[in-house]
Amino acid sequence: MVPVPDEISVVGFDDSHLARLAHVQLTTVGQEARRLARRAVSRAVARLEGGAADDEREVVVTPHLVIRSTTRAPCRS
């Protein structure tokens, strides 16, 4: 068994509600889920209506790191 975060850090992706639970406190990479959902729905509706939502083919939503108890500060050598 490897102790977390003493010897290894654990990081998830998506910042789900489970990651926020007090007994889990998982460090995670998060994105603005509501923003992503709004853009997806807007683009889907535009396609269904025969138009284009915008000229963008790719949208990048910058992720952010949410540090919780499954990581520790980097070791200094």
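Guide: Helices are DSSP runs of H or I with at least four residues, and strands are runs of E with at least two, numbered from the N terminus. On that basis the protein chain, which is a predicted model, comes to 1 helix and 3 strands, and from the N terminus on its elements run β-β-α-β.

Visitor: What makes residues 33–48 count as helix α1?

Guide: A helix needs a DSSP run of at least four residues, and helix α1 is given as residues 33–48, with R39 found in it.

Visitor: Why is D15 called buried?

Guide: The label buried requires a relative accessible area under 20%; D15 has 13%, and therefore D15 is buried. Its place is in the loop between β1 (11–13) and β2 (27–30).

Visitor: Which residues is D15 in contact with, once its neighbours within four places in sequence are left aside?

Guide: D15 is then in contact with R20, T28, V29, G30, V66 and R68, where contact means heavy atoms within 4.5 Å.

Visitor: How do you know that R68 and D15 form a salt bridge?

Guide: The test is a side-chain nitrogen of Lys or Arg within 4 Å of a carboxyl oxygen of Asp or Glu, and for R68 and D15 the closest N and O atoms are 2.9 Å apart. The pair links distant parts of the chain, with R68 in the segment after β3 and D15 in the loop between β1 and β2, 53 residues apart. R68 is buried, as is D15. The two side chains also make a polar contact at 2.9 Å, a label that asks for N or O atoms within 3.5 Å.

Visitor: How many salt bridges does a search of the whole structure find, and where is the one with E32?

Guide: The search finds 3 salt bridges. The side chains of R35 and E32 meet in one of them, at 3.7 Å from N to O, which is within the 4 Å limit. R35, at 34% relative accessibility, counts as partly exposed, and E32, at 41%, counts as partly exposed too. Salt bridges that share partners join D15, R20 and R68 into one network.

Visitor: Why is T70 called buried?

Guide: T70 has a relative accessible area of 9%, and the cut-off for buried is under 20%, so the label follows. T70 lies in the segment after β3 (64–66), and a polar atom of its side chain lies 2.8 Å from the backbone nitrogen of T27. Leaving aside neighbours within four places in sequence, the residues in contact with T70 include V4, P5, I8, Q25 and L26.

Visitor: Which residues form the nonpolar patch on the surface?

Guide: V2, V4, I8 and V10 form the patch, with about 300 Å² of accessible area together. Members need over 30% relative accessible area, and I8, in the segment before β1, is partly exposed at 42%.

Visitor: How does the radius of gyration of the protein chain stand against that of a compact globule?

Guide: A compact globule of 77 residues would have a radius of gyration near 11 Å, whereas the protein chain has 18 Å. The C-alpha atoms fill a box of roughly 55 × 30 × 15 Å along the principal axes, and buried residues make up 18% of the 77 residues.

Terms used. Residues numbered from 1 in each chain as written. Predicted model: local features only at pLDDT ≥ 70, side-chain atom pairs only at ≥ 80, totals over all residues. Heavy atoms only, no water. Buried < 20%, exposed > 50% of the residue type's maximum accessible area, 1.4 Å probe, protein only. Polar contact = N/O pair within 3.5 Å; in protein donor to acceptor, adjacent residues only side chain to side chain. Patch = residues over 30% accessible without salt bridge, like charges linked within 9 Å, V, L, I, M, F, W, Y side chains within 5 Å. Areas by Shrake-Rupley, 256 points an atom, 1.4 Å probe, with all protein chains shown as cover. Rg over C-alpha atoms; globule rule 2.2 N^0.38 Å.
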